[in-house]
Amino acid sequence: MSRFRTTRGGRIDRSRPVRFRFDGRDYEGFAGDTLAAALLASGVHLLGRSFKYHRPRGILAAGAEEPNALVTVVRDAARRTPNLRATQIEVYEGLVAESQNRWPSLALDVGAVNGLFAAFLPAGFYNKTFMWPRSAWHALYEPRIRAAAGLGVAPGLPDPDRYAQRYAHCDVLVVGAGPAGLAAAAGAASAGARVILCDEQHEFGGSLLAERGATIDAMAAADWIVAQHAALASNPRVTLLPRTTAFGYFPHNNVGLCERITDHLARPPAALPRERLWQVRAREVIFATGAIERPLVFPGNDRPGVMLASAARSYLNRYGVQVGSRAVVLAGSDAAYAAALDLAAGGVAIALIADVREPGRAQGPAATAARDAGLAVETSMTALGTSGRRRVSGVHLGRVGNDGSIRPAASLRCDVLLMSGGYTPSVHLHSQSRGKLEFDAAFGAFVPGTAAERTRCAGGVRATHTLGAALEDGAAAGVAAALAATGHAAAAHRYAARLPEARLEGTPGALPQPAGAVPPAKAFVDFQNDVTTRDLALARREGFESIEHIKRYTTTGMATDQGKTSGLNALGFVAAESERRIPEVGLTTYRMPYTPVTFGSFAGVARGELFDPLRKTPSHDWVVAQGGVFEDVGQWKRTRYFPLGGESLRAAVDRECLAVRQHVGMFDASTLGKIEVVGRDAATFLNRLYVNNWSTLAPGRARYGILLRDDGFVYDDGVVARLAEDRFHVTTTTGGAARVFGMMEDYIQTEWTDLSVWITSTTEQWAVIALQGPRARDVLAGLVSGVDLSPAALPHMAVAHGRICGVPMMLFRVSFSGELGFEINVPADYGAETWAAIHAAGQAHRITPYGTEAMHVLRAEKGYIIVGQDTDGTMTPDDAGVAWAIGKAKSDFVGKRGLARAALRRPDRKQLVGLATVDPGVVLEEGAQVVATPGQAVPLQMIGHVTSSYHSPVLGRSIALAAIVGGRARTGQTLYVPMPGADIPVQVTPPVFYDRDGARLNA
Amino acid sequence: MPETLQRRPPPVEGRGWLEPLPAATRFSFRGGSGAIEALSRAYGVPLPTAACRAASAGPRAALRLGPDEYLLIAPAAEGASLAPMLATALGSLPHSLVEVSHRQVAFAVQGPYAEWLLQSGCPLDLDLGPFPIGMCTRSLFHKAEITLWRTGPTTFRVEAWRSFAGYVVELLADSALELPA
């Protein structure tokens, strides 16, 4: 039995002990414990070292707001989760946790030496000190600072867990399952609404879980929770999500929830994901997010054993753990009295309740009850400091006189110092939804104001003081939200609740200290980022007035806890220092996530093979069997080359290129975008869109089309065939398919509503096999029927319908290699077999499958451009050498006015030309710059760049395309490509290197 | 000449919650009211006038996917005869009829967890109230476009473009790991 565990009571399961390990030592707790509760039960208060000063830190809170007790949970080498709050980790058999930010050990930490130099680590220290020399920042300062400061270590191995995601919709989403949230969910459900209720804890009940003696509708609170939970669980229209944090609010009631599914299990089943990210779209949202108790700010307030009063109460009532033997209670709100009463009843000696308020403000029911119970109470007190090293051992109290003077009052021995500075409503999500906040001066905190979206707040977040008020507020919000969402009314249940009232208001800021005296220790405002009152005062002295600036200068509120316990105290302190009211100082912005969310849950299933759709063409399996090498082109897997035996890339590509030039090659062109443009005005539509004149294109013929953007720059290209008067088959680049389709649809719907035309994507309807080479016709001849393949009947740029191997075929006579070429389109389900049939029939003609690499070389030998490689979004058709495609007689097309701009007509624009290296064996680097003269000093006068560069096997030399200023006029000139070690001389040539008169094409 | 080739859609492996559906004949039909009437008569299925609703008669179905856009789904065997028949019926009425039989692959997601499985990647509300039997729409499943048609209380017909089908099925299978055996 652990020393500090009570003999009975609490919500833990004493019949199920669990063993766990913290920093190499074994401990025992019970099912239902958090790691913090189980360690406290064993008397462990020292859990970590602070971020900046490496000060010993313990457990401040009992929930999500915990700033100090951050630990790493280790399952195995790949499963290390740093920076988890010990107050939220459920213990399980075999749990292994480690403290952070200490070396070599938690008790003896060399980093604590920072504390000795604390005077030299004021606010803005890093900004001021490590600015110069600038080069040292990346090399020296940043790595060292990160190593010294880092909270926890990320695992170095890929995350082996699965993460799931899902979308959900509901009428009413209730965030928080405390009394108000449970009442709200019940209210909304009673009106028949679809309800989702989520809570970050493993069990519902919220603040009730830490209450003793509360009753609701004549039931003990614990029984009421069970009954309420059962009623909701039995309703098929209600989804209950424990262990689920609503971490972010996104526009229009889209709320992000993170459900933790297996973190609490000793042996997680392989079938379960670790977490599930929910994207909930709710008609109405209710924030029943409660309130968080504030620490008091005084010197030495960060010692282990200094704890929120509500946390001590929670550990006792919920977990059966005494947080110490002898407590001093600093009361800045009545909540401290309620804690003192419970602790006294639970066997903890209460040395004194030191109320930091004036006598008149310490008169609530809780204070009266404490006095009636015989607890010692003093008012007008302040805390001047604490003693102890790794655990508080005493507190030095002062008394505030009527004139504001402070004199020492007493030094009391204690092993736990409880404090309550009042409560801060958890307005995070309300504020994220752009809801207004109002400062409630009487309560001493910001409370929700007008909502900006269809949301409402209920219960503690609205600073309700009593259990009855919270329940009533929740029930009313529940039925109101259901009515707003569904139109169905229901009466709000009237709860009869009994719980001694403890008013929760307080005064944010720091406790008064003697004027002029140097405090004996730092008074921490932000525990996680080690920000003290001195830092805030320094920031003000240095001229920072806005809280947004003070926040960034001091980093207060910028830690992973986002200032849950510190924000309002920082505001209160700055307000007091500058003699302003808190709302005048302003408020920093709340941002998601409420508590940290794993990267895994955001990534979800989008990793590895499922990161993105992996699109395969009909020839894919055949290529795999042949040992082909693939490359990624957008989402597509395309065959790059087909190595034979141990062939290198260069050898394979040379062989494939020569095969096309000498015999015949086959290539899977299925990825090309295809759009069927149909309608009476199809030709008019394409005339307006493309630069070409389509009116003159006869059915059965095709033409190379160019699409520009408004500004006149080349956007896409492809062969367009006219299948009938009112039907065109448009091909696009592989990568441009979706955006060209979108552009067309945009023009049809918004600009040219007068046209009778429709577009349909047929990219995936057709498998396309390019058959290129002098023997292409011979291969086809034995396979097709219903088509006359002769040059007269099917000349270059003609299209015909027929059958291949008995299945329907659309046959294009086109070439992207400069050889006699066909593109065989078959319905895609026939693609794989057609591919295999052509390959088999081609054996007699030495057919060679080729990939994208050879395709690139072949087209470059012919000077055919690739949009996006030889053009870059700043090239006009003339720049790219394809101005011949423009229909000169056309009155307009997209980009025509753009092309008329003077700058686009200058003769010194970059133009696409060929480059031939003087040394034919040198292959230029794609992207290399081109200069006019050799040996230039930096900065060189660059006049262009290489866009494509290959070894051409048929020419036995290298070839390149380049965009050169005034390039065509430089034909014959020698230019230079500066590379490390040498300037490579090149000669400017026309961009067509092979078969300039096109005899092979028209064969 | 080789024998006529067999139609082979991308394989989809059946499992309890997933049933591959047979290859089909599909057309994307666009047109105004005159063409819609003519097509309804010829096709034998009155094209639905309500948004995002499907109608069927025997093995033929029509899904209204946009203001003037319908997806026609018919048995594969009707492929050769249907196209000329519909084209004749439509005549010179303004319309677009494009065959997309092979563009997409169909399978049914079925059983008590059908909705739950689809909600893992589809952002629409698939509850029987807002997404009743007979409702159909284009939507997303993670990063892939799908066409979704609820054919029963716990049955959805899912159509995905052929190169996206594997992605959609694999992601569904990932979710299905959680299903009770």
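For these entries I take helices as DSSP runs of H or I with at least four residues, and strands as E runs of at least two. I note at the outset that the model is predicted.

**Entry: chain B, fold and dimensions**

I looked up the secondary structure of chain B and recorded 4 helices and 10 strands. In sequence order, I read the pattern of chain B as β-β-α-β-β-β-α-β-β-α-β-β-β-α. I found 47% of the 181 residues in chain B to be buried. Taking contacts in chain B between residues at least 6 apart in sequence, I noted that 60% join residues at least 24 apart.

**Entry: Arg434(A)**

I located Arg434(A) in the loop between helix 10 (428–432) and strand 26 (437–440) of chain A. I class Arg434(A) as partly exposed because it has 13 C-beta neighbours inside 10 Å, whereas a buried residue would need 20 or more. I also looked up Phe250(A), which is 184 residues from Arg434(A) in sequence but 9.9 Å away, C-alpha to C-alpha.

**Entry: helices 12 and 14 of chain A**

I examined the packing of helix 12 (residues 533–541) against helix 14 (residues 567–577) in chain A and recorded an angle of about 50°, with the axes 10 Å apart. The two helices are therefore oblique to each other. I noted their crossing as right-handed. On helix 12 of chain A, the contact is made by Thr533(A), Leu536(A), Ala537(A) and Arg540(A); on helix 14 of chain A, by Ala570(A), Phe573(A), Val574(A) and Glu577(A). By class, I recorded 5 nonpolar, 1 polar and 2 charged residues in this contact.

Methods
Residues are numbered from 1 along each chain as its sequence is written. Chains are lettered from A and ligands numbered from 1 in the order in which they are written. This is a predicted model: local features need pLDDT of at least 70, side-chain atom pairs count only at pLDDT 80 or more; totals for chains, interfaces and linings use all residues. A residue is buried if 20 or more other C-beta atoms lie within 10 Å of its own, exposed if 12 or fewer, and partly exposed in between; C-beta atoms are placed from the backbone. Two residues are in contact if their C-beta atoms, placed from the backbone, lie within 7 Å. Axes are lines fitted to C-alpha atoms, for helices over the stretch in contact, and angles run from 0 to 180 degrees between N-to-C directions. Angles under 35 degrees count as roughly parallel, over 145 as roughly antiparallel, 65 to 115 as roughly perpendicular and the rest as oblique. A crossing is left-handed if the near helix is turned anticlockwise from the far one by less than a right angle, and right-handed if clockwise. Ala, Val, Leu, Ile, Met, Phe, Trp, Tyr, Cys and Pro count as nonpolar, Asp, Glu, Lys and Arg as charged, and the others, Gly among them, as polar.
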